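Here are some notes for a colleague who is opening this structure for the first time.

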Amino acid sequence: MRPLELRDVAFTYTGSSNKALDGVSLDIEKGEFVTLLGANGSGKSTICLLCNGLIPHATSGRLEGSAKVFGLEVANHTVSEFATRVGIVFQEPESQLFCMSVEEEVAFGPENLAVPREELRERVEWALELVGLKGYNARSPFSLSGGEKQRVAIAAALSMRPDMLVLDEPAYALDPLGRKELYSVLGELRRKHGVTVLLAERDAEDVASFSDRVALVSKGRIVEIAPPRSALRDPDRLRMLGVRPPQVSEIASRLNARVGSQKYSFLTVEEAEETIVRDVIGRGNAGR
Amino acid sequence: MIPSPSASQEKIVSLRNLRFSYEGGVEALRDLNLDIRKGEYIAIVGGNGSGKTTLAKCMNGLLRPSGGSVHVKGTDARKMTVPELAKVVGYAFQNPDHQLFCSTVDEEVRFGPRNLGYSESDAARKAERAIEAMNLKELRQKPPLSLRLGERRRVSIASVMAMDPEVLLLDEPTTGLDMEESEMLMKKLHALNSEGRTVVLITHDMRLVSEHAKRVVMMSEGRIMLDSDPRGAFSDLELLRRCKLEPPAVTRLAHALRNKGVPYDVISPEELVFHLVRGEVK
């Protein structure tokens, strides 16, 4: 069963006259890493909240179309039915952390499911190791850096052993290295543990290196969903959608303008380096 | 120390041997010296927990230093009242919610100038300008705390702008803003800086720094590790890493192409492509 299957979904928040989602269809396959990329107010968070039923159950509004999570129509099932299948992490880790120690925080979810003590301990150790916080058990979550807090929030979601992890701009308050660490943790989860990941992001930089597909979201619609090479290729288009393009896309597009073709597209700095050394520098210069 | 070309020699904020320890003994600032001159455009950068916010709060009197001194326009900050300080150094919090409390956006933005003793009509005029600058006209009757993060952030910045401080000290002002909101803010700050207003940004966004700041102050563990222009700031990768920072992708690429003749202090895609195509690269 697919982790997520949206068919023509529309959602209007109570009191709003605009549709936050307006005809969204999206399938996510098991083990896929899909990134929703869009400006503020484009509908990314609304899609995230649908994934564990917080929409429509905890947020009032009108839901149309069909939204299935692991085959269950969200409108007909409670949030708790999705709790063991979908882990959700929000922008601000503080809004999610409340325990006195990292261990209690990470154990809280499965403890509530009456997971036996021995397994509980295993899950906590497993989740902490995955997010790179092994040995942090006794620390207070509030004494940690922003990046560490966010990783505790992810570990707390992981200890439920969810089949899908949904993250709404988890790196927004992190320093550049914290952001990098977080994203490499997410990449590992998907590569080594087959966790399905749905990530909402506003910043296109680095998204290419870990996403299987990127969905460009604008005004409540998915305007394109494609592998990053195609979705992130055109900087002008990204700008039009209110998304700051990755710098490597800007570089590729400027080189393309020079050579009058579409031959260059870079996903990462490493790829750009390799191609430039081989093609641009190796053969004289672009445009000659 | 590299004062911006447009900056004058007048020191607005002067920090000498500044120290600050939080209760429980965590040393957030260690013997820090910094001069901010009128008209500068400075980015203060560093990892989470490097002391940036503590530094900012010492500059406008929200925190009392444990040692050393803060002088604001030549006067010891300890001898200045909170409104006196607020007229010079306007601080927008990292978390806008720490600052918002009124029942409408209008009230919120008007609060600052009112509190500084401006007449009702002056306060309204100043608030109006700030509301326009931050594109908040349509939200003016809404309760600030009901808005989404990017909007709350714009309200908090508008409330500071409305007080017309000589130094705009903005803590992570683009966090939560999308590209359009962020470009709007940067344009406004650029215009204010061109008119001689001093701008100090605390930020994690290195592209923003490379595109806008004229001077970069890099912090780690409560100390200033580097004080330079953006080109200089992004040239020492090892130091950046120690400060939990990473230069923008284009600078990383330039570093990688260094032994091919690309200058490693490139800070924009235009510049990089220029070097690649003009034939000097070997």
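1. Helix 6 of chain A and helix 7 of chain A pack at an angle of about 20°, and because angles under 35 degrees count as roughly parallel, these two helices are roughly parallel to each other. Please keep in mind, here and in every point below, that this is a predicted model. Helix 6 of chain A covers residues 146–158 and helix 7 of chain A covers residues 176–193, and their axes lie 9 Å apart.

2. As for handedness, helix 6 of chain A passes helix 7 of chain A in a right-handed crossing. On the side of helix 6 of chain A the contact is made by G146(A), G147(A), Q150(A) and R151(A), while helix 7 of chain A contributes G178(A), E181(A), L182(A) and V185(A). Sorted by class, the residues of this contact between helix 6 of chain A and helix 7 of chain A are 2 nonpolar, 4 polar and 2 charged.

3. Turning to chain A as a whole, one finds 12 helices and 10 strands. Its radius of gyration is 20 Å, close to the 19 Å that the globule rule gives for 288 residues, so chain A is as compact as a globular protein of that length. The C-alpha trace of chain A spans about 70 × 45 × 30 Å along its principal axes, and 51% of the 288 residues count as buried. Of the contacts in chain A between residues at least 6 apart in sequence, 65% join residues at least 24 apart.

4. Chain B, for its part, has 11 helices and 10 strands. The radius of gyration of chain B is 20 Å, close to the 19 Å given by the globule rule for 282 residues, and chain B is therefore as compact as a globular protein of that length. Its C-alpha trace spans about 65 × 45 × 35 Å along the principal axes, and 49% of the 282 residues of chain B count as buried. Among contacts in chain B with a separation of 6 or more, 66% are between residues 24 or more positions apart.

5. Where the chains meet, 32 residues of chain B are in contact with 36 residues of chain A. Which helix of chain B gives the most to the side that touches chain A? Helix 11 of chain B does, with 6 residues; helix 6 (179–194), helix 10 (249–256) and helix 11 (269–277) of chain B each supply at least two residues of that side. By class, the side of chain B that touches chain A has 15 nonpolar, 8 polar and 9 charged residues.

Conventions:
Residues are numbered from 1 along each chain as its sequence is written. Chains are lettered from A and ligands numbered from 1 in the order in which they are written. This is a predicted model: local features need pLDDT of at least 70, side-chain atom pairs count only at pLDDT 80 or more; totals for chains, interfaces and linings use all residues. Axes are lines fitted to C-alpha atoms, for helices over the stretch in contact, and angles run from 0 to 180 degrees between N-to-C directions. Helices (H or I, at least four residues) and strands (E, at least two) are DSSP runs, numbered from the N terminus. Angles under 35 degrees count as roughly parallel, over 145 as roughly antiparallel, 65 to 115 as roughly perpendicular and the rest as oblique. A crossing is left-handed if the near helix is turned anticlockwise from the far one by less than a right angle, and right-handed if clockwise. Two residues are in contact if their C-beta atoms, placed from the backbone, lie within 7 Å. Ala, Val, Leu, Ile, Met, Phe, Trp, Tyr, Cys and Pro count as nonpolar, Asp, Glu, Lys and Arg as charged, and the others, Gly among them, as polar. The radius of gyration is taken over C-alpha atoms; the globule rule is 2.2 Å times the number of residues to the power 0.38. A residue is buried if 20 or more other C-beta atoms lie within 10 Å of its own, exposed if 12 or fewer, and partly exposed in between; C-beta atoms are placed from the backbone.
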